[in-house]
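Here is a friendly walk through the side-chain interactions of one protein model. Keep the viewer open as you read.

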Amino acid sequence: YICPLPVSRLGTHFGKVFLLDIQGNVQVFGLYTREGFHENFDCPIKVIHFRSMLNWLNRWKMSVLHEGEGSITNIQWRANLIAWANNVGVKIYDISTKQRITNVLRDNVSLRPDMYPCSLCWKDNTTLIVGWGTSIKMCVVKERNPTEMRDLPSRYVEIVSAFETEFFISGLAPLADQLVTLYFVKENSDHMDEEFRARPRLDIIQPLPESCEEISSDALTVRNFQDNECRDYRLEHAEGESLFYIISPKDIVVAKERDQDDHIDWLLEKKKYEEALMAAEISFKNIKRHDVQKIGMAYINHLVEKGDYDSAARKCQKVLGKNMDLWENEVYRFKTIGQLKAISQYLPRGDLRLRPAIYEMILHEFLKTDYEGFATLIREWPGELYNNMAIVQAVNDHLKRDPTNRTLLKTLAELYTYDQRYDRALEIYLKLRHKDVYQLIHKHNLFSSIEDKIVLLMDFDKEKAVDMLLDNEDKISVNRVVEELADRPELLHVYLHKLFKRDHHKGQRYHERQIVLYAEYDRPNLLPFLRDSTHCPLEKALEVCQQRNFVEETVFLLSRMGNCRRALQMIMEELEDVDKAIEFAKEQDDAELWEDLISYSIDKPPFITGLLNNIGTHVDPILLIHRIKEGMEIPNLRDSLVKILQDYNLQILLREGCKKILVADSLSLLQKMHRTQMRGVRMDEENICESCHATILPSDMAKPFNVVVFHCRHMFHKECLPSAGTFCNICSAKRRGPGSGILEMKK
């Protein structure tokens, strides 16, 4: 405890009250016991500091550490270090070595030390903070290098930070890495030139090497501050607790660190509700006086008062959480102020739900004023939240007044879907031509419900409808679809055409009907159909094509029925297309057709030109040239003859090239066969004579023996072959020809 006061003062320490006076009396009274102590010194006692009550319960030995530099105004003792301040400066004494370490001189000697006393405090066991006038120094006691000691103390002091403050320092106290400062403030008057005393300030600063940063500042209201001087204020702190005592002649102010509750109080006072809510959520384990939900409710009320209903509704989701009673209260409050729409999108809709009446109330509100909003809620809300039948009835009532409203119809279809009345939903979707109709059919397997609605589906989207029907033939048969589309041949054609594309045989019973459908609605695909179908009645197809004068299709059918001459005649007479006629003749590869083509073309110069240009590879051009009448003028005859000669030369070159390749290949294969047949043949005990079936090699290899091996790899003893045997008996019997020549081995 420190009480550096020039008059009688009271102080406490370890449950004791201390009384010091200028006559040298020191008295100790127990707060909780009758224990006491009284001692008289030979001089006035202004400052006292002790470390333990044991020092006072026993007699002491007095030692003078320093004297002769005026009054000592402050003492601070930490571990083995004692610091005191007098009129000259601050001394630091090391008890363990009984050496004075340093002397920190007073900076501003113009200030009276009795009016502006020194403030001291230990930050830790080696860091002393000195405040005097407007100057603050941070002094660190360090160990000296043994090689540098000589007659110097074992420790020295280094000033690590020194800076000036704006006001006079009345007290200092450490706060973690920061510093609590009590300032005596003088300010200039706006009306008079003289200074006046203002309220003292309690600041928290962050020391820097050559300056400081202000963290917070508070002006303190104490009685008679206008009459106080710098020496009248003291700042004390309880070590180990974040408590600070500001002592003035008439007041003692206790200061402590603000906790999260204090911070939230300040935020709420400033109407910073969002920040208060965030702070409460972050520190919910540490707050004692506040409740997160109550702060949230205050924030919601504030937003409602401001008219920011959307933000208030959005905060309900976070603040109200799982409290269904609070949710219902808020919904009714929003209904009272006419803002149900604002809260609708934030209502709980998962495992925790409100009563169905709440959701129905909101849906009815939207149905009265906002069809689009109503439809959005129906799409977003699960059907279990409300009574579906009641909402369906309400929608039907509105449709009576506006039966063509697409939004209401679509929403009604969705409600029917939730209620599993899919047939009703399907009717509405088809009526609206809605794209979700096919998805609805697939999802809920409604194929039995669409058997009588195939025409509607086809009218809506032919491609999607046909694909769906063909993909689900097991559910809706081809016969059923054809029956439904019988009165709409254009739609029937689309269906049967796609069916034929998928499988040429699946709809064979309808191929005859398809002939007329293709002729009527899709002639470009008629000829491909006739080519690919093997179940189409040719006579019926020919009749239809002839009735409609479809020449190309008729030509194909005639050729397929074997009447190629009639088909060629139609090409020449009706199409008058020599290229097609030549192409047709090439496809049929019939000499009689070529003769007919030449006969028909012989008196038509353009046709002769076409023939000369194209028949060189199928018919001898000389036959055509000999039949051309003398004097007939033929267009581009010279070019045609040149082409014939070029084609002939090309054929000769191709033949010669092929001949060379054939001869070279034959020679190569002959040489390969010769090399193969000249190779040796391996024989062992497993080989047998093909005639006597005995082992080909004798048991006594020392005796001479003769073996005949043919190129076909059949082996005989020589004596087992006929005398004139030059060919293998087995292969000759099978007529295998050459390759069974003899390869004789003797020993």
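Is Tyr299 buried or exposed? Tyr299 counts as buried because its relative accessibility is 9%, where buried means under 20% relative accessible area, exposed over 50% and partly exposed in between (1.4 Å probe, protein chains only). Before going further, please note that this is a predicted model, in which local features need pLDDT of at least 70 and side-chain atom pairs count only at pLDDT 80 or more, while totals for chains, interfaces and linings use all residues. Residues are numbered from 1 along each chain as its sequence is written, and side-chain values use heavy atoms, with hydrogens and water left out.

The structure holds nine aromatic pairs. Rings of Phe, Tyr and Trp (its six-membered ring) pair if their centres lie within 6.5 Å, and planes under 30 degrees apart count as stacked, over 60 as edge-to-face and the rest as tilted. The Tyr273 and Tyr299 rings are stacked because their planes meet at 10°, with centres 6.4 Å apart. This pair links distant parts of the chain, 26 residues apart: Tyr273 sits in helix H3 (residues 273-282) and Tyr299 in helix H4 (residues 292-306). Helices (H or I, at least four residues) and strands (E, at least two) are DSSP runs, numbered from the N terminus. Tyr273 also counts as buried, at 13% relative accessibility.

Elsewhere, Phe500, Tyr518 and Phe529 form one aromatic cluster. Tyr518 is also among the buried residues of helix H18 (residues 511-521), together with His511, Gln514, Ile515, Leu517 and Ala519. The buried residues of H18 pack against helices H17 (489-502), H19 (526-532) and H20 (538-547), with contact meaning heavy atoms within 4.5 Å.

Two charged side chains lie over ring faces. Lys341 is over Phe366, 5.6 Å from the ring centre, and Arg531 is over Phe556 at 5.7 Å. The criterion is NZ of Lys or CZ of Arg within 6 Å of the ring centre and within 35 degrees of the ring normal.

**Salt bridges**

A salt bridge is a side-chain nitrogen of Lys or Arg within 4 Å of a carboxyl oxygen of Asp or Glu, and by this rule the count comes to 28. Some of them are listed here.

| Salt bridge | Closest N and O atoms |
|---|---|
| Arg155 and Glu143 | 3.0 Å |
| Arg201 and Asp203 | 2.5 Å |
| Lys318 and Glu281 | 3.2 Å |

Arg155 is buried at 18% relative accessibility, whereas Glu143 is exposed at 53%. Both Arg201 and Asp203 are buried. As for the pair of Lys318 and Glu281, Lys318 is partly exposed at 48%, and Glu281 is partly exposed at 27%. There is a network too: Glu463, Asp467, Asp471, Lys498 and Arg502 are linked by salt bridges.

**A buried valine**

Which strand holds Val130? Val130 lies in strand E10 (residues 127-132) and counts as buried, at 6% relative accessibility. Leaving aside neighbours within four places in sequence, its contacts include Val90, Cys118, Leu120, Ile136 and Leu172. The C-alpha atoms of Val130 and Cys118 are separated by 7.2 Å, and the two residues are 12 residues apart along the chain.
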